[in-house]
Amino acid sequence: MSERRFTDKPELNPMGVMALADDHPAMRENRTLFPSTVVTVTADAPDRLLVSGRNNRKIGATVEKGKFKGYGIYCLSLEERATCPADCSMRSACFGNSMHMARRHRIENSDVFFDRLGFEIVELLDHEPEGLSIRLHVLGDFPSVEYVSFWKEVLDENPNVMCWGYTHRAPTNWGGDEIGDAIEAVKDAHPDRFRIRWSSDVAKLDGAIVIDYVPDGPRTANRELVCPAQTDATACCATCGLCWEQPRECIAFVKHGRMSADVEAEAVTQAMRAPAPLQSEEKGAGAALAREDEGAGAAIEPDQRRVQGIKLAGMKPMIVPMDSEPECRMVPPSDLLVEESYQRGLSGKSMRLIRKIISGWDWAKFKPPVVAESDAGLFVIDGQHTAIAAASHPTIRRIPVMVVKRDRIQDRAEAFVSQNTERVVMSPLQIFHAEVIAKNPSTFEMLKAVIRAGCTVPRTLPKKGQEQPGEIVSIHALRHVWASGKPDHFERVLRIAKLSGQTPCNTTLIRGIHQVLKMEADGFPEAVSVLDDNEIAFSVSKIDIERQAAEVAAESECSRYDALASLIQTYVWDMAEEYNAHWLKTREVANAPTALAS
């Protein structure tokens, strides 16, 4: 088995790979996402340019099959985007976006760079008697004709050196440039030892393409060979050799790289739903009995999951001494202190919150304040409002608090900032569904009305461009229209929104339709609200909401939903005649089979 330092293989999820926006600084400035990892090559630094393939899970240390068996594998990286052609289709979704620890080499002085690299190759050949296999380029591409010429000289002078990799450069006869022509010339001169594949959007001989799905078999529907190291058909490049042994094949790589945080979170959540063994510091029968006593061995229901540890790539956890664990202590709330030098004072919102806590006191909803203990007393770091509410309650004598040691005021202030910033705030969508489960009367009735209207409320915000008609993404707008107190009107607004086919179903769309249905059509003989839902929806479907509503809002200095209401009011009468013709045509098509049969 080829020696590899890292063997954990991430699950392929090409649709979850995140692409940078066109206006992202890394795209605008044509550079890596991690500029601090770029090292300018000088006569003295860095200590080496070529890195053993054993440091890369997918590559491996030594070629194990084929004509180059026994060759040691070493890798070279330049800076992605900075050295790549601007027309690369993977420029925004480059897998370098996920390689935050990889060192990129910058060529500032080509003579120094070539001298360093040439000397290093000679040294490595002394340690690799079979030969040297150099992966060009894990990151980056061929930056110049001069750079390509350097590699030709290396191959000319060293018959036991081979290079392999992929380039988005192309010869001029394929629409490329002189760098592509230079690469082609070296491929012709050393067809077996300069195994650089042409990477493009179109499959070609000796090429490489990126696909955004995981094929069922070893080949794609168009017969390209799928990288065996990605699909676990082989361990790594060292055990495969396909890319340098089969020039007539086109290799397909499943898109991989930096994952969208939401997609990664969903994948982790799904993994947590799978049964997992319980972990305990205790061993043997005692641990089993302890788990049984705690009820931890009970069967997990489909809508439940255990708290489990997750693997977080690229993160080094801080070592936490056991003697720093917090202590849970019952204390009178009036014994607690507040340091006004960094704590916020009370506001009208605070008073409303304190009244709400007192009037609805429930230990199941209680969150113990976090307090810092010093010689001067117990200082509240988080939970000031809870503590004040408890001290104000006529029957609460003591509350549980989590006590940590923080002697210095700056340490307590720092902890206060972390407590109030490093937290995941529940989204309105999550709160909505939690209220439904809690049988909140208003929210429960609202959801039933949403369902009657043929709409849905997702649990998480759908990805941009993947929203479905009637999939409501604005809970704020939903609550606003519900507050009108007219369920029939509420359902009608949502029904029209879905019928229009417009996405996303956001504040502008929902409140724009709500606004136009409840206002009299100024200057028109009838209100829009008297028209058929399909007529109104047909008109809404013809509006470029994002552009036109923004333009009208800017011109009229009004909200976008007011602007949309104005647009609907204008469009609906202009579209009524077109809609009737559209409806009649649809009806004729629908009735055609019946007419033919009769």
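1. A nonpolar core is taken here as a set of buried Ala, Val, Leu, Ile, Met, Phe, Trp, Tyr and Cys residues joined through side-chain atoms within 4.5 Å. Please keep in mind throughout that this is a predicted model.

2. The largest nonpolar core holds 44 residues, and those touching the most other members are Leu478, Phe490, Leu494 and Ile536. Two or more residues of this core come from each of several helices, including helix 11 (428-437), helix 13 (475-482), helix 14 (487-500) and helix 16 (533-541), while helix 18 gives the most, with seven residues.

3. For Leu478, once its neighbours within four places in sequence are left aside, the contacts are Phe432, Met446, Val450, Val457, Ile472, Phe490 and Leu494.

4. Not counting residues up to four places away in sequence, His514 touches His480, Val481, Ser484, His489 and Val493.

5. Cys558 sits in the loop between helix 17 and helix 18, and its relative accessibility of 30% is why it counts as partly exposed. Leaving aside neighbours within four places in sequence, Cys558 is in contact with Val552, Ala553 and Ala563.

Notes: Residues numbered from 1 in each chain as written. Predicted model: local features only at pLDDT ≥ 70, side-chain atom pairs only at ≥ 80, totals over all residues. Heavy atoms only, no water. Buried < 20%, exposed > 50% of the residue type's maximum accessible area, 1.4 Å probe, protein only. Helix = DSSP H or I, 4+ residues; strand = E, 2+ residues; numbered from the N terminus. Contact = heavy atoms within 4.5 Å.
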